[in-house]
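Hi,

Here is the structure I promised to pass on to you. Please have a look at it first, and then read on for my notes.

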Amino acid sequence: MNIYEQVLNGKPGEKALLLGNEAIARGFLEAAVGVAATYPGTPSSEVGDTLSEIAKEGNFYFEVSVNEKVAVEVAYAAAISGLRSFAFMKHVGLNVAADALMSIAYSGVKGGMVIMTADDPSMFSSQNEQDNRHYAELAHMPMIEPSTPQEAKDYLIRAFEISEKLGMPVLFRTTTRVSHMRAPVVLGPKEDRLVMAGSFPGHLAHVTLPSFSIKSRKALTVRLEHAGVISQQTDLNRLEVFGNGEYGFITSGSAYNSLVDVIRKHSIGAEILKVGMSNPLPEERIASFLMNHDYIFVVEELDPYLEQKVRVIAQREGIPVLLHGKLDRTFPEEFEYNADVIERSLAEPLKLKLEVHEVPMVVQQVPPRPPVLCPGCPHRATYYAVKRAVRMSGIKDVTYSSDIGCYSLGAYEPFEMADVLLEMGGSLGAASGLGKLTGSHVIAFVGDSTFFHAGMPALVNAVRNGSRLMLVVLDNSTTAMTGQQTNPGLPYDGMGNPAKPVSIEEMIRSTGVQNVETVDPYDLKAFLPAVMRSLKSEGVSAVVARRECAILRDRELRKGKTMPVYVVDTKKCGLCMNCVTNFSCPAIDIKDGHISIDPDLCDGCGVCSQPMVCPFNAIIPGVRNGI
Amino acid sequence: MEYNVIIAGVGGQGVVTLGSVIAESAMDARLNVVMSEIHGLSQRGGSVSVEVRIGDVRSPITPAGAADLILGLESIEAFRVLDKANSNTLVLVNSRHMTPVYLSIRGKEYPDIRELARSAGNTARIHFMDAENLAREAGSERAAGTALLGAALSMTSIPFDAHNVHSALEKRFSGRLYDINFDAFERGEKAGIEVLEGRGDYIQAGKAAIGR
């Protein structure tokens, strides 16, 4: 039984080895939620990947929305129609959805609504490590935080119950190490699902004009007071005692796991208040916890969110307590916490004996291996062609504005074609300004999914305000970086049903851009002149570089066992090094002074064999021995 | 009880899959297990390491120096995670070499592994193993990790046995892939015994006998 079948059909009481995100998908089924909407983003993506696989059989609606704001709005629509709904995204995705979020708190919902944010301490795959617990405060919404896959599943069900009790959405926060932690999960019963048809939300029931919002503002305060009572009583916030329980620890999320490991290793007498509901906090329980301990440590990742609130409670209640956290620099402010970090921070105040462990010298000698574009990736050909075209056009002053996706890797060597890279859709917004306000040739790179997500309004802005820029859409016909999800340009939706694709070229032309060319990035001979023509355009011009993601292509080729391969004819090779220095496919390397191609890595795209990459025609089709 | 395994390799090599097989094996032996996975940006081509922690632990992150077993699916990647090793850690290094683009761009070739091994000295008990070839004999290079796991099981005491691995393989693979992985695992087990008995074409780092 594969994981998806286990999530879908696993019996109550069974133990399954699930990723946090897969456990959340199971929780979704156990809570009998009718609607799910998302925009993919690491570390939240596998929730959607799992739901997408089981949506039809599971009899619920799943949508990959155009962006996070729309995902939240679709889920909200379901919730005010009486259905349980779930919107989920990565932490920065909640920024996109924040406008909707703030008003939804005022509007309230009928069916349970949970909004998941997956934060990314240490920025494994993100542009920042913002702490989304602040959104709970900002939006006046309850927040629930699990520490393990088991809790992720169980707490999601609780979040829906709380949401319905309060008539408002509940925020559900994971971090990378919770979403991407795999552990045994005991499955619970799945409820029988009702047909998912919503009912009329109510005449004038969800309007947030000022005259309406003034009334709902006080209701919001009352709702949050009720939430405070829940937080006071719930076992989502719980106490755990180790040894004599001398030192008090307040912690949550992933930090809790590492803290327990440290407490056990050093046999620290400790009492832990594990916070599973982080907004509103159980203030009275915290006050009595503070009274029971002379020393308190607040152990939390990212901002001193809990610590500040705990300090306020101590001050307000006049509790004399020695409190250690980030604000007194006992714990570091940045990056994720593991047992090593926590142990080092506690060493001095608790006089722990630490074993000295030095990083062995050899680790420093290992050459770095940052992520690279895959063999056969069409983006490599695109960057190679654009770079050549710029040079051949004699353009010296060029500014590259890039965006979020696999093609962000174009910022690394050998291309280094990103001078600006902020957030989803930011390439076009920044390019709109740069093209208007500098004399530089501005080239904006954006992927297909990102173009739909937030690129379109910025394109309108550039055209409307007379900016000069060349837009390159790197259309690999998928949302690749997060795991090949669908997007509006593709002929199927999140459920796997046929859907009408939206044409990127037509969207661009409809804004008034005249010079729009579509090219195959594998065809360098046609691609190069297209870019050169586009670079001569006044105003906004566009090149759509369309070629399917190599991972998808390889999967298909492997099925048919027809994957071609290329080899180097060393007699012809002039050792000019262009293929390794400027094209830099991971399948091409140097062995014993010769250029060679690793057949296990080569995906047979053949771009390196073109004269524009190999002027000696030394890279030729070879014969593959099995796939 | 606590037993920590680290699998190091390059994105796309099946690092996560091997981690799952080990985690399922531990679960089959009725042990607690937590595992950290890497998804997203380095889907293919970047350094990837996955940690499987078995026993009385909560966090999926292995503390520095606490690894009991390191399986390197790619040669230099095994050395990259040696900060998690101690002098008792068994490190099995696959013969697979993938030159980082970082080197090729600079006109450099794959580093001399024997030199890295010398430099590692007694940091850990490092063994090289042609798991790639064992897996090829079983039907696919992609089963090299399973062969390494088999060898590890023969060479050191892991808190689960071959039967647990068999049922984990059954869970993770079906049809021909299962057969290949089962075969690769058995070949790995045999190769591990040969290493213990001082036979076979396997090299131990830190010893004068390096070189082949």
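**Where the two chains meet**

Let me start with the interface: between chain B and chain A there are 21 residue pairs in polar contact, both residues being at pLDDT 80 or more. A polar contact here is a pair of N or O atoms within 3.5 Å; within protein, one must be able to donate a hydrogen and the other to accept it, and residues adjacent in sequence count only if both atoms are side-chain atoms.

On chain B, the elements that each supply at least two residues of the side touching chain A are α1 (15–28), β2 (33–36), β3 (47–55), α2 (75–80), α3 (101–105), α4 (113–120) and α7 (162–172). With 5 residues, α3(B) gives the largest share of that side. Sorted by class, the side of chain B that touches chain A has 25 nonpolar, 18 polar and 17 charged residues. For these classes, Ala, Val, Leu, Ile, Met, Phe, Trp, Tyr, Cys and Pro count as nonpolar, Asp, Glu, Lys and Arg as charged, and the others, Gly among them, as polar. Helices (H or I, at least four residues) and strands (E, at least two) are DSSP runs, numbered from the N terminus.

A word on the basis of all this: the model is predicted, so local features need pLDDT of at least 70 and side-chain atom pairs count only at pLDDT 80 or more, while totals for chains, interfaces and linings use all residues. Residues are numbered from 1 along each chain as its sequence is written, chains are lettered from A and ligands numbered from 1 in the order in which they are written, and side-chain values use heavy atoms, with hydrogens and water left out.

Back to the interface. In total, 60 residues of chain B are in contact (heavy atoms within 4.5 Å) with 68 residues of chain A. About 5400 Å² is buried between chain B and chain A, and carbon and sulfur atoms give 57% of this. Buried area is the accessible area (1.4 Å probe) that two parts lose on being put together, summed over both.

The rule also finds 7 salt bridges across the interface of chain B and chain A; a salt bridge is a side-chain nitrogen of Lys or Arg within 4 Å of a carboxyl oxygen of Asp or Glu. R369(A) and E74(B) are joined by a salt bridge between their side chains, at 3.2 Å from N to O.

Strands meet here too: β8 of chain A (residues 181–186) and β2(B) run antiparallel and are joined by 2 bridges. Two strands pair if DSSP finds at least two bridges between them. In β2(B), M35(B) is the bridge partner of R182(A).

**Inside chain A**

Chain A holds 21 helices and 24 strands. Its radius of gyration is 27 Å, close to the 25 Å that the globule rule gives for 627 residues, so chain A is as compact as a globular protein of that length. That radius is taken over C-alpha atoms, and the globule rule is 2.2 Å times the number of residues to the power 0.38.

One open sheet in chain A has 7 strands with mixed pairing, in the order β3-β2-β4-β5-β7-β6-β12. Its edge strands, β3 (61–64) and β12 (277–279), each pair on one side only. Within chain A, β2 (residues 35–38) and β4 (residues 85–90) run parallel, joined by 4 bridges, and A37(A) has A87(A) as its bridge partner in β4(A).

Two cis peptide bonds are worth a look. The bond from T42(A) to P43(A) is cis, with omega near 10 degrees, and P43(A) sits in the loop between β2 and α3 (45–58) of chain A. Another cis bond joins N279(A) and P280(A), with omega about -15 degrees; P280(A) is in the loop between β12 and α11 (283–291) of chain A.

**Chain B on its own**

Chain B has 8 helices and 7 strands. The radius of gyration of chain B is 16 Å, close to the 17 Å that the globule rule gives for 212 residues, so chain B is as compact as a globular protein of that length.

Best wishes
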